[in-house]
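Please look through the sequence and the structure below before reading my comments.

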There are 2 protein chains.
Amino acid sequence: MSVSSAIDRAGVSGDGFRSLAAPDLRRAIREGRFRGPTAGYGLGCLQGNLAILPAAQAGDFLRFCVNNPKPCPLIGVSQAGSPHIPALGADLDIRTDLAGYRVFHGGSDAYRPVPDLLDVWRDDLVTFVLGCSFSFEDAILRAGIRLAHVEAGRNVPMYVTSLQTAPSGPFGGPVVVSMRAFSAADAIQAMLLSDRYRLAHGSPVHFGDPAEIGISDLAKPDFGDAPDLRPGEVPVFWACGVTPQMAIRQARPEIAITHEPGHMLVTDLSADAAEFSLGGVRPAST
Amino acid sequence: MSVSSAIDRAGVSGDGFRSLAAPDLRRAIREGRFRGPTAGYGLGCLQGNLAILPAAQAGDFLRFCVNNPKPCPLIGVSQAGSPHIPALGADLDIRTDLAGYRVFHGGSDAYRPVPDLLDVWRDDLVTFVLGCSFSFEDAILRAGIRLAHVEAGRNVPMYVTSLQTAPSGPFGGPVVVSMRAFSAADAIQAMLLSDRYRLAHGSPVHFGDPAEIGISDLAKPDFGDAPDLRPGEVPVFWACGVTPQMAIRQARPEIAITHEPGHMLVTDLSADAAEFSLGGVRPAST
């Protein structure tokens with residue numbers, strides 16, 4: 001079962017947008033015709049998390065990502081002030097091509113949800129696009145391995161751990177992990193498959209006893225939905241894209257912009273080609 | 001610490017044979033100058049387990065190996081009656097180039113140890129060479145991960161499991177596994193590294209609860225030495241080359257020949273090139 005068919009089963013969507021190529025899906029978002037979460041959309045193209053910061057903080061954040069590649073796999077960085085990242089999509093406009101944004105100020109937890117960034121854009125903003133877990137989850141599902149949260153149409157459970165990121169300037173803090181549970185045999189396969197998708201957080205950082213990485217109660221995730229482990233299943237923990245969001249909050253930048261959770265940037269790059277092509281990332285269509 | 005330096009630490013050997021290239025080491029064995037176990041010898045060349053059977057059983061055994069690639073990774077097969085396998089070594093003579101052999105008859109547990117096969121050779125014998133765990137263990141050690149049995153100069157513990165091989169003709173029976181214990185983080189690395197060495201049994205078949213694969217007491221292996229787990233370590237189980245030996249015993253062939261445990265065939269192939277070269281296996285020297 002693919003992510004897409006899991007979503008069908010969960011009744012989340014049965015619309016025609018799922019058959020759209022990435023540029024057409026972005027156009028539908030840009031024109032306000034599509035507003036939903038993007039899991040299962042974009043026909044196997046690489047999707048990413050969004051982090052936009054003022055140029056004054058961009059150097060430190062770039063080094064934070066490079067130093068912490070498991071939670072923060074870099075798939076694109078813009079020029080300061082430019083809303084375009086041609087390597088990720090020829091006509092991509094970062095201000096309009098995601099289905100929802102959150103604008104933060106001064107490190108506050110409070111944010112303003114906005115449908116686009118046309119009014120808040122500034123000529124000193126730098127956009128970072130970081131990999132998300134979709135492509136490794138899809139590889140696991142293609143291998144016939146069950147993902148409980150996908151089957152149930154729920155969010156993956158996420159936990160703040162006692163593992164620490166390598167800090168860079170004001171950016172630092174704990175590694176946040178997502179958890180998926182498997183039988184031992186399936187866990188081995190899932191570890192191997194995820195390792196091949198390094199732009200999607202790569203191999204796990206831990207499995208087994210949650211207390212070893214400072215998780216006191218598996219039933220109470222810090223983000224996402226509570227898990228439902230079956231007897232004999234082993235929890236496996238992957239570094240998660242909430243890690244850079246917490247690092248940004250700790251850095252208290254004057255302004256920071258992220259995507260609405262689940263409403264990712266859909267790029268033109270084949271997720272598989274982005275991972276495995278000899279020449280690095282390249283558009284899916286070439 | 002490499003396998004070699006671990007052997008130095010254990011005081012097993014400090015001789016000059018360890019600096020010999022594979023053809024020279026085989027010549028030393030052939031001439032009776034070297035008789036020891038081969039772990040840490042042969043300068044990174046692929047080593048293998050030996051199984052010699054009459055041609056009448058060879059087809060079924062070949063299919064058994066192909067159907068069970070984790071316990072029985074095929075690295076060489078001879079023509080019937082020929083003691084040579086040029087793909088594994090230009091001057092290789094399977095009758096004289098291992099440091100010890102065991103000759104079995106009619107599936108009996110009893111065997112005759114012989115220093116060479118010159119007197120027992122027949123023109124209907126087919127030689128199979130199957131990968132062993134040395135190259136993945138060396139990769140784990142190169143990554144700085146401790147292998148307790150290597151450090152202690154002991155044999156790896158091995159267990160008969162409730163997992164069953166895919167049978168072929170008279171060949172079948174349980175999967176035998178070897179066990180190595182690690183912290184969770186090291187276990188993930190060890191799983192990923194071993195997966196790259198598919199001629200050395202590849203990724204593990206299980207980790208965690210031994211009872212799930214029919215092992216009732218980890219402290220009492222069926223073969224090898226008892227393990228010494230540290231607190232927090234997780235047992236990880238790999239398919240093991242004793243599996244085909246048990247399958248051969250079950251098949252009760254008129255004659256079967258194996259190597260003396262630990263006294264492997266040292267081939268001319270670089271273990272890494274054998275796994276990773278685009279053109280398949282090739283001599284290390286070219």
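This is a predicted model: local features need pLDDT of at least 70, side-chain atom pairs count only at pLDDT 80 or more; totals for chains, interfaces and linings use all residues.

1. Residues are numbered from 1 along each chain as its sequence is written, and chains are lettered from A and ligands numbered from 1 in the order in which they are written.

2. Chain A can be laid on chain B by a turn of 180 degrees and a shift of 0.1 Å along the axis, with an RMSD of 0.0 Å (a least-squares superposition on the C-alpha atoms of residues with pLDDT of at least 70 in both copies). This is the relation of a two-fold axis. Leu192(A) is the residue of chain A that comes closest to the rotation axis, its C-alpha lying at 3.1 Å.

3. To the contact between the chains, chain A gives 13 residues and chain B gives 13 residues, where two residues are in contact if their C-beta atoms, placed from the backbone, lie within 7 Å. On the side of chain A that touches chain B, the largest share, 6 residues, comes from helix 6 of chain A (helices are DSSP runs of H or I with at least four residues, strands are runs of E with at least two, and both are numbered from the N terminus).

4. In chain A, 4 strands form an open antiparallel sheet in the order 6-7-9-8, two strands being paired if DSSP finds at least two bridges between them. The edge strands, each pairing on one side only, are strand 6 (158-164) and strand 8 of chain A. Strand 7 (residues 174-182) and strand 9 (residues 234-239) of chain A pair over 6 bridges, and Val177(A) stands opposite Ala239(A) of strand 9.

5. Is Arg122(B) buried or exposed? Arg122(B), found in the loop between strand 4 (111-114) and strand 5 (125-131) of chain B, counts as exposed because it has 12 C-beta neighbours inside 10 Å (buried requires 20 or more other C-beta atoms within 10 Å, exposed 12 or fewer, and partly exposed lies in between, with C-beta atoms placed from the backbone).
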